[in-house]
Amino acid sequence: MDIKNAQLEVDNWINAHGVRYFNELTNMAQLTEEVGEVARIIARRYGEQSEKESDKNKDLGEELADVMFVVLCLANQTGIDLQEAFDKKLDVKTKRDHDRHHNNQKLK
């Protein structure tokens, strides 16, 4: 599924099940919460913090999907075509960073 269709799927879900979008500030707070859950899993599973027994069954993919869902909500309610924005950003990064990363001694 491309991003444009994902935005449409989220919009359809909101209209069928969610009653309406939360306002932008609520969604921003929700996004922050979801990113925090991703950070907690990564810090404990891949970082130096020990993982609590209660965290061992947490699904990183599910938490990343939560982040994506809220990002798609924010894009929808602010009128952003995220597919277009992503394609444009990838083009900018490709042009700007191609040689930069190849020449970075820290990455060798």
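Helices (H or I, at least four residues) and strands (E, at least two) are DSSP runs, numbered from the N terminus. This is a predicted model, in which local features need pLDDT of at least 70 and side-chain atom pairs count only at pLDDT 80 or more, while totals for chains, interfaces and linings use all residues. Residues are numbered from 1 along each chain as its sequence is written, and side-chain values use heavy atoms, with hydrogens and water left out.

**V35 sits in helix α2.**
Is this residue buried, partly exposed or exposed? V35 counts as partly exposed, because its relative accessibility is 41%. The cut-offs are these: buried is under 20% relative accessible area, exposed is over 50%, and partly exposed is in between (1.4 Å probe, protein chains only). Now look from V35 to H101. They are 66 residues apart along the chain. Their C-alpha atoms are separated by 26 Å.

**V19 has a positive phi angle.**
Find V19 in the loop between α1 and α2. Its phi is near 70°. V19 is a residue other than glycine. V19 counts as exposed, since its relative accessibility is 76%.

**The largest pocket has a volume of about 190 Å³.**
A pocket is found on a 1 Å grid over the protein atoms alone: it is an open set of points where a 1.4 Å probe fits, with protein on both sides within 12 Å along at least five of seven lines. Points are joined across faces, edges and corners, and the volume is the space filled by probe spheres set on them. How many residues line the largest pocket? There are 13 (lining residues have an atom within 4 Å of a point), and W13, I14, F22, Q30 and F69 lie nearest its centre. Helices α1 (3–18), α2 (24–45) and α3 each give two or more residues to the lining. The largest share, four residues, comes from α3. By type, the lining has seven nonpolar, three polar and three charged residues. Here Ala, Val, Leu, Ile, Met, Phe, Trp, Tyr, Cys and Pro count as nonpolar, Asp, Glu, Lys and Arg as charged, and the others, Gly among them, as polar.

**F69 is one of the residues nearest the centre of the largest pocket.**
F69 belongs to helix α3. F69 counts as partly exposed, because its relative accessibility is 28%. Which residues does F69 contact, leaving aside neighbours within four places in sequence? They are V10, W13 and I14 (contact means heavy atoms within 4.5 Å). F69 and V19 are 50 residues apart along the chain, and their C-alpha atoms are separated by 16 Å.

**E63 is buried but has no salt bridge.**
E63 lies in helix α3, which covers residues 60–78. A salt bridge is a side-chain nitrogen of Lys or Arg within 4 Å of a carboxyl oxygen of Asp or Glu. The nearest side chain of opposite charge to E63 is K58, 5.9 Å away. For charge, Lys and Arg count as positive and Asp and Glu as negative, while His and the chain ends are not counted. Beyond neighbours within four places in sequence, E63 contacts E34, E37, V38 and I41.

**A salt bridge joins D81 and K4.**
D81 is partly exposed, with a relative accessible area of 26%. K4 is partly exposed too, at 45%. The whole structure holds nine salt bridges.

**D97 pairs with R96 and with R100.**
The closest N and O atoms are 2.8 Å apart for R96 and D97. For R100 and D97 they are 2.6 Å apart. Why are R100 and D97 separated by about one helical turn? They are three residues apart in helix α4. Salt bridges that share partners join K93, R96, D97 and R100 into one network. Within this group, D97 counts as buried, at 6% relative accessibility. R96 counts as partly exposed, at 47%.

**Q49 lies in the loop between α2 and α3.**
Q49 counts as partly exposed, because its relative accessibility is 42%. Leaving aside neighbours within four places in sequence, Q49 touches A43 and R44 by the contact rule.
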